[in-house]
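Good morning, and thank you for joining.

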Amino acid sequence: MGLTIYLSGEIHTDWRERVIEGAQGLDVTFSAPVTDHAASDDCGVAILGAEPDKFWHDRKGAQINAIRTRKLIAEADVVVVRFGDTYRQWNAAFDAGVAAALGKSLIVLQPPEHDHALKEIDAAALAVARSPEEVASVLRYVLTGALPAGA
């Protein structure tokens with residue numbers, strides 16, 4: 001059994017690389033949104049033309065990015081959503097909601113201080129992890145039945 005995993009959320013740390021590294025040797029395929037912040041923010045105006053109003057600037061980019069995110073979430077077996085320490089990640093919460101609505105297996109990765117704010121999202125998740133390594137361990141267990149060393 002193989003899994004397609006969509007890695008959503010926070011883009012300012014190396015959490016994706018750590019999950020991918022921890023999943024080495026597993027039958028998994030990873031996908032993600034565009035993680036170049038400037039490219040993601042400005043793709044709409046770079047492709048479709050400038051907008052003097054920031055609302056329309058952002059909307060053009062969000063709509064183009066949604067083409068990618070919708071397809072990748074729809075194709076995923078598992079959606080991992082990372083809520084980081086910095087920035088309000090409304091897009092991550094939206095991705096988690098879409099994944100839940102589509103019946104995708106959802107893993108949330110968040111620090112404990114976000115537990116209260118994310119309680120509804122956590123309730124929809126099948127696992128709430130504290131580190132990328134825990135996410136990789138969940139994937140390893142699901143695919144192989146193997147527990148982490150020392151467990």
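Predicted model: local features only at pLDDT ≥ 70, side-chain atom pairs only at ≥ 80, totals over all residues.

Residues are numbered from 1 along each chain as its sequence is written, and side-chain values use heavy atoms, with hydrogens and water left out.

I begin with helix α3, residues 54–75; helices here are DSSP runs of H or I of at least four residues, and strands are runs of E of at least two, numbered from the N terminus. Lys54 and Asp58 pair through their side chains at 2.9 Å, N to O, and they sit 4 residues apart in α3, about one turn of the helix. Lys54 is exposed, at 51% relative accessible area, whereas Asp58 is partly exposed, at 36%. On this scale buried means under 20%, exposed over 50%, and partly exposed in between, with a 1.4 Å probe and protein chains only. An α-helix has 3.6 residues a turn, so residues three or four places apart point the same way.

Elsewhere, Asp14 and Arg18 form a salt bridge at 3.8 Å, N to O. Both are partly exposed, Asp14 with a relative accessible area of 40% and Arg18 with 32%. Together with Glu133, they are linked in a network of salt bridges.

I turn now to α6, residues 132–144. Which of its residues are buried? They are Pro132, Val135, Ala136, Leu139 and Leu143. Seen down the helix axis, these buried residues fall within an arc of 95°, so they line one face of α6; the arc is that of the directions from the axis to the C-beta atoms. Their cover includes β1 (3–9), α1 (15–22) and β4 (105–109), among others, contact being heavy atoms within 4.5 Å. Val142, also in α6, is partly exposed at 43%. After the helix comes Gly145, with a positive phi near 80°.

Definitions and conventions
Salt bridge = Lys/Arg side-chain N within 4 Å of Asp/Glu carboxyl O.
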